[in-house]
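Please keep the viewer open as you read.

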Amino acid sequence: MSQPKNYSAIMLSSTFTDLKEHRQNAIDIINRFDLKPKVMEHSGAQADTDVIDTSLKMVRDAAAYVLVIGRKYGQTPRDPVRNPNGLSITELEFNEAMALGRPILLFIMSDQHPLTEADFEFDPEKRAKLAAFRERAKLMYRNCEVHRIYEIFDSMGKFSTSAAIAIAGLVRHLPAQGKPGPAIDNVPFRELRNFLGRDDDLAAIDTAFKTGSGRAAVSALHGLRGVGKTTLAAAYAERRRTNYRATWWIRAGTEHTIRADLVGLGVQLGWVVDDAAEDPAIKAVLQRLRIDGNGILLIYDNAIGRNELTEFLPRGGASHIIITSNAPDWRGIADPVEIAVWPKEIGADFLIARTGRVSERAEALALSHALGGLPLAHEQASAYCDRVGLPFREYIARFEVTSVEFLDKAEDAPRDYRLTVAKTFEIAMAEAASRQAVSYFFLLVAASLAAQPIPTHFFFEWREKVEGAFAANIKDVDLDDVIGTLRAFALIDRRSIRDERDLSVWTDCISVHPLIGRIALARIGMDLLNEIRWESIRAMALIFPAGDVLSNPDSWPRARRLDVIASSLVRCDTLPQEAEAGNWRSIIAASMITVLNQLALYRQTVLGSYEEAQRNFEVALLLSVRELLADNPFEGVIQNNLGRMYQDLGNVSEARSCFELAASFYETRGEPNSPALKTVLTNLGSILTQAGDYANAQLSFERASTIADDCTTVSSGIALLNQLAILKWKRGERDAGLADLERSVESCKKMFPPNHPYMAATIASLGGIVLEQGDLARADELIRNALAIRETVLGPDHPDTALSLYDLGLLLEEGKDLVGARPCYERALTIFEQKFGPAHPRARNIAEKLVALLDRLDASDRAAAVRQRFKL
């Protein structure tokens, strides 16, 4: 029990051997005031008892706590679960007194106190812990700037006088604290033995209550079912029980139980007679709470929502009120406190404490992650493992295969909660569906999109752009109302998420806890699950940013939110065998190819994630050839994109082959004037220039120049002009090449904003030519401008950023700033090696430049390491 005993016991805590006289003096003073001292020398830690349990029980039994800190730290019992930080018994006792809210008297020995050598702490680690403990004990609560009142004593006489005065004051204080504990208490269960990880939430409730300012203070605990809201409310009642003259638990799940429990409170407090009519009795209780609620804690457990509860809350007064609810919308009548799932570290602590398996820490972390941090699931998992003796590792393996079966074992459900994880959420799904029929279908679709969170605009656009079962079901309903219904039953979460790169962009998203998703999807057949997946793919094909993603930075935040969801939808290269009839199969194939291609294009050009992009391009090409056969509009696009991929990877021959196949595709289809062909021919000319085949590059560019741009490919003209300029420069036509690039820069300024990636690419090309020309001042301006754009827009680890870093290194080295050039080369080399590996031609080229520079700087060891790594 964490309430004091029915006698006035005072816990005296200190080290023993160095403070024997002080302790005896304090014991005598406590006895003089007819209080009972709780001290180890009386209660005794016997050989067959646990020292931690014994000492902490004395703290729990006591009505107040006296701490004397001398110059020794004291005994530190070893226990990786209960004492992982190796604290002394004295500090563990102090922590317990703080957690229970006991009155604390603090006495600290000064440096001037006469001591013998044996009274000092000489262990360096313990001395550090003692110093930290002295300072922490002074604080009213964790991280508080205000100190509690404490006494510094430098002699036995000073301690004796101070202790007598303080304990006399404590005697007057104890009756006001309610010495025997609260007079009325109907809390149905006590704090769980392994109550972990909720200190911040307990503090948040305290903070909410401080805002009451003489009126009823309300704190609403909301969150997922099974997250521990009721347990937290019970723990708060237990730990703060001495603060209240009455703690009353109200079953708020139905109006009937609310009414009955409010009348019961009135009867217990003598406000109404036990046979009073219900309606006037409730009015009388609420009125008395308004005028005489001081020192009363009300807990409305499992409230449905604010509308159902408002009329049963006291309108004013000084009572404290805790509401637990699955619904989140309490602001306006309460201070909401969202109870989050456990971090995996806290979950692992619980699993170990519950089962005693200290040696399975790594497996406990993995299991907590698999359980999604849900406390109820942790309780069931640990109960099962403890009951059958199953290692955590084996539980994880079985859970991944048959998770719902494990989540529905009634014999492992907590005794106070009674429901399993599966039953808890199945009931919630049924209740949500009874209120809003389409909500269950909506939940299934959201759960099937494995990645979380999901932008809400995805669903709004889905119903407008797609024909299918889900789109038809949500066509004429208020989606905000559907989402609100699911939120009210704690089946989904909804919040705005800030973009990682553009901090001005926020996206409204929903998320489904993985265990809820598993339970929902386990109850439907494979046919419906496949139907949901195919419709999801068709929706993603229409909603994911289309076209040249690199040219439209405004679409990147949208793509970032959809990236992982799209990837999970097209994670395999197979289509449903049942979709053989009509054109259904080709529609799905076309949608998958579209998603794969756009996803790969985004990852290649914007993220610089080439390995994932290459796989997506290759799967898209495979599907286009295998599934669409003659009617295949995608092959040319994908071959061109693959060519650009191989060009970035340094594979000139594969890139050339892809561009040639793409050009042949459009010519064979009778599209000699297609703007897409212009792009392909420009890319082919670029790779031919890179290969030194200037004659064929010129022919390719000339063919491209005969094709007009359209409104969707206006940037292709600038790309062609850039590549022609580079070709002219390489062929020795320096003035013509420079003039072309100057014109290209001017065109970019008219078409794109100053921080556009295409502007950076054009400026970078011009900067490289100006550098070769020897105009260092202008090259410096151009190269640094391109680098700034790329670092800001593409990020510090993008390959294009590495190219600008390399250019800056060349510039600095040319200007004799060898020290400044080195970090530029090293950053560029690191990026290329991470993205492409040490064998990439560009990586080897940068490595060669870096080695030469290091030799000039006499950094021979670093130069040797680079030579060895890149086999130079």
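A residue counts as exposed when its relative accessible area is over 50%, as buried when it is under 20%, and as partly exposed in between. Keep those cut-offs in mind, and remember that what you are looking at is a predicted model.

With that in hand, start with the whole protein. Of its 872 residues, 52% count as buried. The C-alpha atoms fill a box of roughly 110 × 70 × 50 Å along the principal axes, and the chain forms 38 helices and 14 strands. The accessible surface comes to about 39,000 Å², and carbon and sulfur atoms account for 51% of that area. If you count the contacts with a separation of 6 or more, 69% of them join residues 24 or more positions apart.

Now to the helix pairs. Two packed helices are described by the angle between their axes and the distance between the axes. Turn to helix H13 (residues 361-370) and helix H15 (residues 392-401): their axes come within 9 Å and cross at roughly 25 degrees. An angle under 35 degrees counts as roughly parallel, so H13 is roughly parallel to H15. Their crossing is left-handed. On the H13 side, the contact is made by Glu 363, Ala 364, Ala 366, Leu 367 and Ala 370, while H15 brings Phe 392, Arg 393, Tyr 395, Ile 396, Phe 399 and Glu 400. By class, the residues of this contact are eight nonpolar and three charged, with no polar ones.

How do their axes meet? H23 passes H25 in a left-handed crossing. Here H23 contributes Arg 533, Trp 534, Ile 537, Arg 538, Met 540 and Ala 541, and H25 answers with Trp 584, Ile 587, Ile 588, Ser 591, Met 592, Thr 594 and Val 595. The residues of this contact divide into nine nonpolar, two polar and two charged.

Next, follow the chain to Pro 838, in the loop between helix H36 (818-836) and H37. Leaving aside residues up to four places away in sequence, Pro 838 touches Glu 833, Ala 843, Arg 844, Arg 869 and Phe 870. For a sense of distance, Pro 838 and Gly 670 are 168 residues apart in sequence and 43 Å apart in space, C-alpha to C-alpha.

Finally, have a look at the backbone. Most residues other than glycine have a negative phi. Asp 858, in the loop between helix H37 (841-856) and helix H38 (860-870), has a positive phi near 60 degrees. Its relative accessibility is 69%, so Asp 858 counts as exposed. Lys 871, in the segment after H38, also has a positive phi, near 50 degrees. Why does Lys 871 count as exposed? Its relative accessibility is 68%, and the cut-off for exposed is over 50%.

Conventions
Residues are numbered from 1 along each chain as its sequence is written. This is a predicted model: local features need pLDDT of at least 70, side-chain atom pairs count only at pLDDT 80 or more; totals for chains, interfaces and linings use all residues. Side-chain values use heavy atoms; hydrogens and water are left out. A crossing is left-handed if the near helix is turned anticlockwise from the far one by less than a right angle, and right-handed if clockwise. Helices (H or I, at least four residues) and strands (E, at least two) are DSSP runs, numbered from the N terminus. Contact means heavy atoms within 4.5 Å. Ala, Val, Leu, Ile, Met, Phe, Trp, Tyr, Cys and Pro count as nonpolar, Asp, Glu, Lys and Arg as charged, and the others, Gly among them, as polar. Buried means under 20% relative accessible area, exposed over 50%, partly exposed in between (1.4 Å probe, protein chains only). Accessible areas come from the Shrake-Rupley method with a 1.4 Å probe; for residues, only the protein chains shown count as cover. Axes are lines fitted to C-alpha atoms, for helices over the stretch in contact, and angles run from 0 to 180 degrees between N-to-C directions. Angles under 35 degrees count as roughly parallel, over 145 as roughly antiparallel, 65 to 115 as roughly perpendicular and the rest as oblique.
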